[in-house]
Amino acid sequence: MKTIKLLSAFALLATLFTSCYAEVIIEDDIVEIPLVTLDDVLDDYEIWYVDIDRSSGNTVVPFLQKAFTVSFRNGNIYANNNLSGIGANGGGFGIDVGYYNTFDFELDVSHDLDGSYSFDVRELSGNEIELYHPLTGARYVLIGYQRSTFDYDLVFYENIHYFLQEFIAWEKIYTSEEGAINPFDNENFLQFLPAGLTGNFRSSEDTNGTAIDTIFWDYDGIYDVNDIAGDFYRKTLTLDYNFPDNEFFELTVIDDETIELFQISSGTTYQFRGKGYIQYKTSENGAKTPKLRKRTEDIKKDIEALKAKKLEKLQKI
């Protein structure tokens, strides 16, 4: 008889899964057990970090591919799509990008620019969920945090190459008196583009104050950003000016729109300020060219492909 009662309990759990409580029969008593809903899971954490390196599938979901974090707050979705201002924008949540509904463990999203998406949601661990998009087979892993414990600096510096892409141009505003005279002294503007686009970086000797939409770009090449062992807050920046004449710098971020480049060969320090901030999505400002994050392995492949293409071009000269 107890076996029948237990089987009845499991049947009730299955049929009543969509309600707030499941009725379970235990020793002839009906006990209500609260069920965990998808809303409960999403509300457990204020910030969900989009772990791009653990994403999979041949097709991307644009609003997730461009986001560093997403948040689900009372039917509205917020996202940190930019690194400039991350942690401060929207109180740490970022900007409002759309709204959502939940049905069982299905998440329906209506993004302001990218349209509608339905995901099957699966819990991977206490603070990890997977969003699966059945129509394309795309999968995204999200890791939950509270704003008070989320390391915004870590996200910023681990993805600093995206920060360089958040301005249409970088204008030189300072050159130190210390340091040997060198050709880079003449470069007044830099532009950083996603790997895979023509050039990857561009530079210009136009005079300071030139409007960004009239800059003449004298040169395009390949850039790369790497870590400095033991120093989390500095990076190396390599600008490929007709290999082997590369320029090597130590890159430091001064603030959300200013970077400092220390040229290792000459001992000269330069500062550049971003012009033409690109906010990735707001329906009010209109859509800008989307920055889509890529897996680390894919970025490396893109850089290697650019280098191979450039070497092939040089060999034909």
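Hi everyone, a definition to start: helices (H or I, at least four residues) and strands (E, at least two) are DSSP runs, numbered from the N terminus. This is a predicted model, where local features need pLDDT of at least 70 and side-chain atom pairs count only at pLDDT 80 or more, while totals for chains, interfaces and linings use all residues. Residues are numbered from 1 along each chain as its sequence is written, and side-chain values use heavy atoms, with hydrogens and water left out.

Let's begin with the barrel. It is closed by 8 strands in the order S3-S4-S5-S6-S7-S8-S9-S10, with antiparallel pairing; two strands pair if DSSP finds at least two bridges between them. From one strand to the next, the twist averages 35 degrees, taking axes as lines fitted to C-alpha atoms and angles from 0 to 180 degrees between N-to-C directions.

Now, where do S3 and S10 meet? They run antiparallel, and 6 bridges join S3 to S10, residues 138-145. In general, strands of a sheet pair through backbone hydrogen bonds, either parallel or antiparallel.

Staying in S3, residues 47-56, we find Asp51. Is Asp51 buried or exposed? Buried, because its relative accessibility is 14%, and buried means under 20%, exposed over 50%, partly exposed in between (1.4 Å probe, protein chains only). Leaving aside residues up to four places away in sequence, Asp51 touches Val141 and Ile143, with contact meaning heavy atoms within 4.5 Å.

Last stop: Phe232, in strand S15, residues 231-240. Phe232 counts as partly exposed because its relative accessibility is 31%.
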